[in-house]
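Here's a quick tour for anyone meeting this structure for the first time. Have a look at the sequence and the fold, then read on.

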Amino acid sequence: MNLTSLPNSGRPKRLAVLGSTGSIGVSTLDVARSLPERLKIIGLAANSRWETLAEQCREFQPKFAVITDPESLAAADRSAFPRDTQLFGGEEGIVRLATDAETDVVVSAVVGAAGLHGTWAAVEAGKTVALANKETLVVAGPLIMGLATKTGSRVLPVDSEHSAVFQALTGHTAGDVARIVLTASGGPFRGKKARELEDASPEAALKHPTWQMGPKITIDSATLMNKALEVIEARWLFGLRPEQIEIIIHPESMVHSFVEFADGSVLAQLSPPDMRLPIQYALLYPERVSGPAKRLDWKTLSTLRFEPPDRETFESLELGFEVARRGGSCGAVLNAANEAAVGRFLGGAIGFLDIARSCRAVLDAHDFEPAPSLGRLLALDRWARQEVARWKRT
């Protein structure tokens, strides 16, 4: 990753926020609201929540707004949007927003593989991308990072764990690193065994102890699939070998990751569980200024616990390390299978432990390709979803 600083142009950075009505998008707008002299919203995009999007547009007066869902676009009341905001639809609108000449930074905050299209367009256009959509690198990490090298695009992490690694790596290269350790809260089922989770309900899985997130990523936290995906993301984002990446459970969610260097020194990044901090760091990098994120209160910080993850109960972790080792078509298949399985679990069609089981079955069944094209990855994404749709509760 290129850590070269950019000169300050003296004007606010102009942001396009893909997924502005989701949790990361809302936090991004909060950062922009707090720092109007440094950040300006030029475009906002949402899938279906057009009323919320319109409200955001009335506040920030962007040049563009995009509604990707056709039915929601047709239902949207154009008079609810500012007169000077141009309203577009579909993936074409996302491309228009992500590649516009006035856009400086594209915040990729769309959940799941759906975020790949906008991220690809932004990277292809040479934009700086604040990447909250880990699935982009899980599905197409080598292609995305190779394209970024070709176009001069900068991909900066927004995930709290990868932001922590990125901050610790400032002034260093991958060659200086012995290993990185990604921390995990453990989710709502930390300490539980598989026999206790056979009948775990969606309601229980959605009760995360420290973070407020959307339903998909909250379920991923409960299965620890989010850590599996983060292992794959870190492998491509930082150019590390899979054996250089480890995971540790840290319930307090104060230490967001460790970097151990070749000389034995370890750097960690600490802050309260508040996504506005890594978002702000990606948007303003390399500047650090006072913003809206919560501050660490050292007087109340009495205990920091760390423990190894239970890989027998949380089988998703091994899937992540396996995919990081194999590469190729595996990431697209695992990600699509997981998204489909989470949806079926939330709908009551399969059990909690079936999420990892179905992902394992589909990953094992697919025809591995070591260097697939983007088109092939998208085809495998569709195939994996169809396979999970046939999975029966075990």
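## A helix across the sheet

Helix 5 (residues 116–124) lies across strand 1 (13–18), strand 5 (105–108), strand 6 and strand 7, and runs at about 150° to strand 6. Helices (H or I, at least four residues) and strands (E, at least two) are DSSP runs, numbered from the N terminus. Axes are lines fitted to C-alpha atoms, for helices over the stretch in contact (heavy atoms within 4.5 Å), and angles run from 0 to 180 degrees between N-to-C directions.

A word on the source: this is a predicted model, where local features need pLDDT of at least 70 and side-chain atom pairs count only at pLDDT 80 or more, while totals for chains, interfaces and linings use all residues. Residues are numbered from 1 along each chain as its sequence is written, and side-chain values use heavy atoms, leaving out hydrogens and water.

## The sheet and its edge

Seven strands make up an open sheet in the order 4-3-2-1-5-6-7, with parallel pairing (two strands pair if DSSP finds at least two bridges between them). Strand 4 (86–89) and strand 7 are the edge strands, each pairing on one side only. From one strand to the next, the twist averages 25°.

Let's zoom in on strand 7 (residues 154–157). Four bridges tie it to strand 6 (residues 128–131), and the two run parallel, with Ala130 opposite Leu156. Arg154 and Leu156 point one way from strand 7, Val155 and Pro157 the other, and all are buried (under 20% relative accessible area, with a 1.4 Å probe and protein chains only). Strand 6, helix 6 (residues 135–151) and strand 7 form a right-handed β-α-β unit: with the strands pointing away from the viewer, the path from the first strand over the helix to the second runs clockwise.

## Two helices side by side

Now for helix 14 (residues 330–346) and helix 15 (residues 354–365): their axes come within 9 Å and cross at roughly 145°. Residues in the contact include Val333, Ala341 and Phe345 from helix 14, and Ser358 and Val362 from helix 15. The contact's residues split into 11 nonpolar, two polar and no charged (Ala, Val, Leu, Ile, Met, Phe, Trp, Tyr, Cys and Pro count as nonpolar, Asp, Glu, Lys and Arg as charged, and the others, Gly among them, as polar).

Is Asn338 buried or exposed? Asn338, in helix 14, is buried, with a relative accessible area of 0%. Leaving aside neighbours within four places in sequence, Asn338 touches Lys216, Asp220, Met225, Leu229, Ile355 and Cys359.

Key:
Buried means under 20% relative accessible area, exposed over 50%, partly exposed in between (1.4 Å probe, protein chains only).
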